[in-house]
Amino acid sequence: MPSAAEVAWLIPVLPLLGAVITGLGLISFNRTVNRLRKPVAVLLISCVGAAAVLSYAVLAEQLAGAPPTEVLFTWASAGNFSLPMGFRVDALAAVMLALVTTIALLVMVYSDGYMAHDKGYVRFFTYLALFSSSMLGLVISPNLLEIYVFWELVGMCSYLLVGFWYDRDGAANAAQKAFVTNRVGDFGLLLGILGLFWATGSFDFETIGSGLQNAVSSGVVPGWAAVALCLFVFMGPMAKSAQFPLHVWLPDAMEGPTPISALIHAATMVAAGVFLVARLQPLYAPFPQVQATVAVIGAITLVLGASIALTQMDLKKGLAYSTVSQLGYMMLAMGCGAPVAGMFHLVTHAFFKAMLFLGSGSVIHAMEEVVGHEPVLAQDMRLMGGLRKHMPITASTFFIGCVAISGIPPLAGFWSKDEILGVAFGRFPLLWVAGFVTAGLTAFYMFRLYFLTFEGPFRGGDKAMAAQLLAAAGKGAPEHNDHGHHADHPHESGWQMAMPLVVLAVPSVLIGLLGVPWNSRFGLLLDPHEAIEAAQHFSWGEFLPLAGASVGISITGITVAVLAYALHKLDLGTAVAGRFPALNAFLANKWYLDAINDKLFVQGSRKLAKQVLDVDSKVVDGVVNLTGLLTLGSGEGLKYFNTGRAQFYALIVFGGVIALVVLFGSLG
Amino acid sequence: MAFPWLSASILFPIGAALLIPFVPDKGDGKTVRWFALVVALLTFLLTVGGYLNEYNPADPGLQLDEHIDWLPDLGLAWSVGADGLSMPLILLTSFITALAALAAWPVSFKPKLFYFLLLAMDGGQIAVFAVQDMLLFFLAWELELIPVYLLLAIWGGKKRQYAATKFILYTAGSSLFILLAALAMAFFGSSSGMPISFEYSALMDKGFPIGFQLLCYAGLLIAFGVKLPIVPLHTWLPDAHGEATAPVHMLLAGILLKMGGYALLRFNCQILPDAHAQFAPLLVVLGVINIIYAALTSFAQRNLKRKIAYSSISHMGFVLIGIGSFSALGSSGAMLQMISHGLIGASLFFLVGATYDRTHTLQLDEMGGVGQKMRKMFALWTVCSLASLALPGMSGFVSELMVFVGFATDDAYTLPFRIVIDGLAAVGVILTPVYLLSMLREIFYGKENVELASHSELVDAEPREIYVIGALLVPIIGIGLYPRLMTDTYSAAMEALVARNESAMKALTSPAGGSLIRQTALRAPMIPG
């Protein structure tokens, strides 16, 4: 019997098969297939479920100490040249496989409830399966080129899913923005891959790493060029993992259905950038400049995300900026040369952030019963409040998520974030300060979200506020609601939605214990050598002050949030926003990055394109038409064109040619 | 004697076309369209039959060759054959034409003439790729102009006369260069006793001096540059494409443009290698200009057909870069890009036609939100646009990637030149989704356009349309998943061609562009063992 690793290719192929079958069904028998909701859901969930089982088998093998498995075949070749493709299963891939399949499976179950009333239910599940397949393919890619292939495919799935509700302008714009921004990153990634291939003749991670070092030390490739190549490649992860300044697409991507925000834009796809940087450690490690750049970008991102999250009133946008900030932490870890710490945070974050997003989806779903299917209303916290009474499961799991992300021991976020702060303290003390302060901000904004949503009185009936929000979004009052009568207060969601929340709460609480610094099982799996060394050098004297400080600042953040939003002892509106209007505007306008982006790139490219088209039609084509006019003499010629007799021209040309040939023939 | 597969593939559709007047048809085209479809399918089967029975992909030389002397005094002969450069394009031609016949189903205006021209074109275009004699090539090249001209002038849109005339002036004018070059090359050395011959193989062996080669090369470059097209010789294309009906469109984008690329490979690279060594950097630079210039104009276009037409020009830029590279990978990429664009371009233009049948407008400003009424159409458009923007898993990605990698590792050029070219070409990677996705956005996304939605014709895709796109997607995705399905059919011939060009390039003493562009001392590729 083959080992699970040998048949690991089935893991992405199974969901793909499911997606292809339903996709073909949708295009050929649209109505029938659209009616087969439950059968399609069962089929696709079983495909992903089977992939999950296989993934856990692979993980179990890796835990038991199995060596990495790699299977390759020649995908394309020309001359002395061949591009291999295949799959590679090692500890890192196994962890990601298990993570992605678990969350994908839970999100699919959840979607059965969330999308129950949507006409695109079947299409949604098809996209979900397609995404799972692409993401799983990415994880087991053995080389940079194959990563690039799946990288683009997950980007495509994200495009399709963000734009899922294609009749909404916001969704349509966000989908396009997401794809194009990611292409900007891929532009760098592609050039970097090409350059690395030129320098090392390989796409394989380890060969590239050692090859580039050899090329630099032998002087074939200058040092600056090697650094430039590394940074070009890094542009890919910057876009995919929403790092400053290419993060702009992620908050907009929240226009997609909430299960997507949880799966793709919080737990899995956006982590692909971090994952790739972890894969590229052999490449980055010898270049301190590259590592410092990665760390600085990570640090800017984590501050940026957290600071913007402070002022968001949209529940999902708040969580989205929080994701940006947390991805910044992971990137900081990568820049500090601690991929295991970064990956650990990736895993813990995936669980609690998926839970938080699914929780927010549960809230939005419930709010829609009260305020209607208008995202401007259903997602705004000014219309929420007091939901804990109505939806206890959602509220308690959301609370667990807030505690976990705030870094309160022994929940998951504490261990992973603290590990990152620990390495940052050793490598870049200044960046540690950024991470440390942001930990406080994180605790504050998360509890702000919690209190505004779940505590206090319910504000859903506030018609004046609803009208004001609609006006601010530039929308008129909704003509009529889809379900006729609105409920007075929200209800807890059904079991399909509640169950994933409860399941995710378990790892959110416990999974951090796998990575305690004195005995990190997670580290042992990914990098046994370093983990043993770290465990030997562990001392409570070093650990406690740092950990204590971060717990301290988290508690400070929570306290401020409690004072401001639960006890109303502190009016932050006048105390901070009123006193520093510039700062408030800066944050509320998201550091003005969207405005700059729009002015410089969107308008700029439109203008440039317009000018080129003008040149094309006036100058280039103008010369052509002028020549045409001149050769034909005058308006007489034009008339000749328009009478339709011009087809004879072709015959004349052709006849002339024949005559010429005969002439030459008789001469020759 | 073996069955003359190629002659049959050329003559069968033309002969069948001549029978069309005798097809009993009431004038609504309902009988004749079946006739045309069957003939086109049989032609496709003939080409496939030739490929399966006689073609050996591992052989770089000429195969399936047939030679009948015609005017021996003049060196004129009916000489056809196929090597790796021709075979894939012959298959592409008969495949796309068969689908175009299916796409032409709703044609009801003068159907007999329409299908006559369609079938005549089929044979003419296969001849362009199959003939092995430059004069025959010229005749086939010219012969195929007349059906296109008439198809544009009779079935086109409002500005059809202007577009058709522009097309014929451009192409006929530029093809004079082909004739001149053909005559010059054929008669070269006849005073000193060399035989007069238009045969490719004879021309290859003549060993033209460099000055002569450069002159011929420049003339041919203009002729083929119009066809490909190369900016700034492209302005006939948006007009012609803008006015053509969907099936003609498929042929224009799917096959006609490839004639330019094929001819560049066949004549400029294969017969004039020394001049090619001088001219190659120019091709590369022109290729990059094509990519960026046409992508920008496409972005600004408000007319759907013209938008896609410009996107074709942009994609042809990769063909130029690939041809200009001295690497097997890059040249293979150019060939694959031609095939891939033939399939993808045909699919997009077919969809444009199908959409126009429903919306009766091509102006993007007058569309919007039609995705709700036409969901399948929306899906087909999305898939084909993604194919066009080189999404992995589809053929466009592989071909562009091969060009990128091939050029990046091409030791003939200096490193800075390679960086600049690959960098600028990669800008196209950003621009393509910008214009294609905003196009989708404007047609399908957002609020429904009330006026359009009230149209009774605004119905979803019918099975015939899904079938046409499906048939095109099979090879698109097949090549995308496993490119060797296609590359293996021509790689032997391409490698032989590139080896010839490489030795010509290495023999250069004073390359154009000097040390700025060319690597003088070639460095051995350092691929670690």
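A polar contact is a pair of N or O atoms within 3.5 Å, and within protein one of the two must be able to donate a hydrogen and the other to accept it. By that criterion, twelve residue pairs are in polar contact between chain B and chain A, with both residues of each pair at pLDDT 80 or more. The structure is a predicted model, and the values below are to be read accordingly.

**The interface of chains A and B**

On the side of chain B that touches chain A, the largest share, 15 residues, is supplied by helix α17 (residues 415-444) of chain B. The residues on this side of chain B divide into 57 nonpolar, 15 polar and twelve charged. Counted over both partners, the contact takes 84 residues from chain B and 70 residues from chain A. The area buried between the two chains is about 7,100 Å², and carbon and sulfur atoms give 74% of that area. One salt bridge is found across the interface, and it is formed by the side chains of Asp169(A) and Arg441(B), with a distance of 3.3 Å from N to O.

**Salt bridges**

Over all chains, the structure holds 24 salt bridges. Three of them, including the pair that spans the interface, are set out here.

| Pair | Closest N and O atoms |
|---|---|
| Lys177(A) and Asp252(A) | 3.0 Å |
| Glu144(B) and Lys227(B) | 3.7 Å |

In chain A, Lys177(A) forms its salt bridge with Asp252(A); because Lys177(A) lies in helix α7 (residues 169-200) and Asp252(A) in helix α10 (residues 249-252) of that chain, the pair ties together parts that are 75 residues apart in sequence. In chain B, Glu144(B) is paired with Lys227(B); Glu144(B) lies in the loop between α5 (134-143) and α6 (145-155) and Lys227(B) in helix α9 of chain B, so this pair ties together parts that are 83 residues apart in sequence.

Trp236(B), Leu237(B), Ala240(B) and His241(B) make the contact from α10(B), and His249(B), Leu252(B), Ala253(B) and Leu257(B) make it from α11(B). These residues divide into six nonpolar and two polar, with no charged residue among them.

**Helix geometry and backbone in chain A**

Helix α3 (residues 37-63) of chain A has 27 residues and reaches 38 Å from its first C-alpha to its last, which is close to the 39 Å expected at 1.5 Å a residue. Gly65(A), which follows α3(A), has a positive phi near 95 degrees. Elsewhere in chain A, His568(A), a residue other than glycine, also has a positive phi, near 55 degrees, and His568(A) is placed in the loop between α26 (540-566) and α27 (572-578) of chain A.

Definitions and conventions. Residues numbered from 1 in each chain as written. Chains lettered and ligands numbered in written order. Heavy atoms only, no water. Contact = heavy atoms within 4.5 Å. Buried area = accessible area lost by both parts, 1.4 Å probe. Salt bridge = Lys/Arg side-chain N within 4 Å of Asp/Glu carboxyl O. Polar contact = N/O pair within 3.5 Å; in protein donor to acceptor, adjacent residues only side chain to side chain. Helix = DSSP H or I, 4+ residues; strand = E, 2+ residues; numbered from the N terminus. Nonpolar A, V, L, I, M, F, W, Y, C, P; charged D, E, K, R; others polar. Expected span 1.5 Å × (residues − 1).
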